[in-house]
Structure formats: structure tokens, C-alpha cells
Amino acid sequence: MNINEKNINEYIENTIRNDIRLLTGYQINQFDNNYNIKLDSMECPYKLPKFVYEKISNVIQQTNLNRYPNPDISGLKYAIKDIFFIPDDIDILFGNGSDELINLIIQSCCNPGDYVISPWPSFVYFKISTCINHAKFIGVPLKDNLQVDMTAMLESIYRYKPKVIFLAIPNNPTGCLLSRSSVETILKYSKGLVVIDEAYQAFTKNTWMEKISKIPNAVILRTFSKIGLAGLRIGYMVGSNKWLRHIDKVRPPYNINSLTRTVLITILKNWFLIDKHISSILKARKLLIKSLDKLPGIYLFPSEGNFILVRFTGKLSSNFVYSSLKSRKILVKNLSDSDPLLYNCLRISVGTPKENSILVTALKDILS
Ligand SMILES: *Cc1c(COP(=O)(O)O)cnc(C)c1O
């Protein structure tokens, strides 16, 4: 037998789910060395110093790659609880990126056709994960100022009775914080699980961590991706073991590989380095906001993340600015076609002071 266009398509049409064939998967910018400056995906622009890489090489040499990872992950849990002020009576569940945890939550909570809601636009994977797991996604539109519309949220909670509500705090791609009283209201009216996604917590003072032991219907998601370890692919969920022990049943066995664990433990022992990077980014954010604010025809949405959402309000469209930056080898995220609320918007990750200044000079030039 041979593969030809006709027979393979027939098998696929009979087999792959209809909705999956029509789905556009998670979009990732192809990155080649054509770009000098990459400010599109909220990565930390700083590398760890050489001595950490040397320590990593040493511990990797002691890893038994012929064996499955050790199921006892208490050492890593302990180290993380210590650094991130996680209450003692609270459990941790690890994911291959917090993306995987989003999947596990929906898979363990939703029957086919159950509802998942989130203010919208927000993190795109909330929606993709809902759809691939046979649940129904309702994005509750933000207000024109990109703040959460609480009236619409409560109406949707009442109408759809969602099993899961995702709240990214701060939100991606807007950078906005949802007020504590709004979160409390949502917790009060939700009959399902409220997932507080704190992917950007390092860049804001706001966190629900110290409250989590007192909330019966919430878990918190955190990730190492935005604070310098995007390549490791590890995130974690924090919550009562009463929730986590069920969600854990859906987790693929050994989802965190031995190398990731060993490397992360080594880096946790030198966490002050990551803290230094975070303070540099916070300083750079302040400066970047100040410089962008001086440019003509640009509106900045207030941001508590390591990125800034900007809207072009003059004659030039964000599509034009995006391509002009691209031709200068600067990559940012163009959101203008992703949602009507984000017309003329670009999302710019905070880079090093040097990268930010090159970006600002380029924008000045493009906008004048
Ligand atoms: C980036 C991001 C994630 C995904 O993080 P990974 O750990 O890299 O999978 C989750 N939630 C939000 C809101 C994000 O912006």
C-alpha cells in the first residue's frame, strides 16, 4: 500500500475530530537569528551567570537518565514553599509549564459541554485547552478600558454555572490587575473552581498566596517561565490537597523529567540571582513606560507585568508599526487582529535597558 493525497485524507477525515481539524493551535512566533531584539513573549532577557551553568553541568552528570524520575518530589516542594511564602498546610502540583496544569484542571473538572469562563481577552490557552477538552469556553468581554466587566462576569456566572473560572492576575495581554474585592465577589458567587493564574506575580505586589488556605474554591497557578526559566518548562499549582489529589490523577506519569528537576533545584539554591533579574526588569519597566509615554500618538495601558500593552492613536496603524519594527529586527507581539477590543495594540515585553532604548529610538523614528 502507498500513501497518496486521497487515501490519507480519507483516513484523517474519518478519524481526527472535526473540531480539531478546524482548530488553529497555539501560535508561536518563529524565532530565528534574524531578530536582534525579542520582546514578544515575556521572557526574561537575562541569562544566568556561567558559575550556575557549571553547577548545573555537575549535577546533570549525577543524574541517572536510565531511570524514571524519583517519585518523591518533596525536596522540590519544600524549597519552593520556602522561597515563595507558600503556607504549610497547602499542597503543590507540578506541570510541564503551567499550560499543562490548565489542561489538567479542565480535564479533571469538566464533563463534555460544561462551561469554562474567563474575562476576555486573556491568556489564549485558557480557550484552546477548554475546546480540546470538550468543554465550552465563554470569554466575558472586558470593558473598553480593558478592565474586567463585573456585571457581565456575574451574569455569565449565573447563566452558565461554569465549572472553572480562569482569572489571570495580572492579566495577559492587558497587564491589568483585577481588584481584590472583585475577586472576592467572583469567589462568592462561583459554585465551581476559581483558578487564579499568577504567571506575572513577580512583577506586582499583589498575590492571593497568603489567603489561599482560607478559600475553599480556588487554586493558584505560578510559572517559572516569565522569571528567567522559560526553557525549563515548569509551573506549579498551589491549593488544598483536597483539590490537588484529584487533579493529580489526570497528570501524565513522570511529567517533570529528571533534568528539569535537578536544574531547578540548583537554581533555587541561587535564587538571589533571579531576584536581581526581577528588580532589574522592574526598574527597566519604569524607565520604558516613561520613555514610551513621551512619544506622540501612543497610549499605554497601566501594567503590573513584565510587558506593556500600547495602542497607537495617531495616523499609523499597529500593523504598520509592527512591520516597521520587524524590518529593524525588533520583534514584539501584534494583537490588533486578535480581538476587536485590542485594535491598534502591540504588546511589548520589557527587555534590558539597552534593548528598550533601541526599541524607543526605533518607535520615535517610525512615529515621527
Ligand atoms: C505565559 C503564561 C502562562 C504559561 O506559562 P508556562 O508555564 O510557560 O506554560 C500561563 N498563564 C498566563 C497568564 C501566561 O501569560
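This is a predicted model: local features need pLDDT of at least 70, side-chain atom pairs count only at pLDDT 80 or more; totals for chains, interfaces and linings use all residues.

1. The largest nonpolar core holds 93 residues, and Ile 80, Phe 224, Leu 292 and Leu 325 have the most contacts inside it. Helix α11 (residues 271-293) supplies the largest share of this core, 8 residues. A further core of 26 residues lies apart from it; Val 116, Trp 120, Phe 166 and Val 195 are among its members.

2. For Ile 80, contacts beyond four places in sequence are with Ile 86, Ile 92, Phe 94, Phe 224, Tyr 236, Leu 264 and Leu 268.

3. Four strands make up an open, antiparallel sheet, ordered β9-β10-β13-β12. Strands β10 (residues 307-312) and β13 (residues 345-349) are joined by 5 bridges, with Leu 309 opposite Arg 347 in β13.

4. Helix α11 packs on this sheet and touches β9 and β10, its direction making about 10 degrees with that of β10. Helix α12 (residues 318-327) lies across β10, β12 and β13, at about 35 degrees to β13.

5. Met 209 sits in the loop between β6 (193-197) and β7 (218-223). Leaving aside neighbours within four places in sequence, Met 209 contacts Phe 84, Phe 85, Ile 86, Pro 87, Glu 198, Ile 220, Arg 222 and Val 238.

Terms used
Residues are numbered from 1 along each chain as its sequence is written. Side-chain values use heavy atoms; hydrogens and water are left out. Helices (H or I, at least four residues) and strands (E, at least two) are DSSP runs, numbered from the N terminus. Contact means heavy atoms within 4.5 Å. A nonpolar core is a set of buried Ala, Val, Leu, Ile, Met, Phe, Trp, Tyr and Cys residues joined through side-chain atoms within 4.5 Å. Buried means under 20% relative accessible area, exposed over 50%, partly exposed in between (1.4 Å probe, protein chains only). Two strands pair if DSSP finds at least two bridges between them. Axes are lines fitted to C-alpha atoms, for helices over the stretch in contact, and angles run from 0 to 180 degrees between N-to-C directions.
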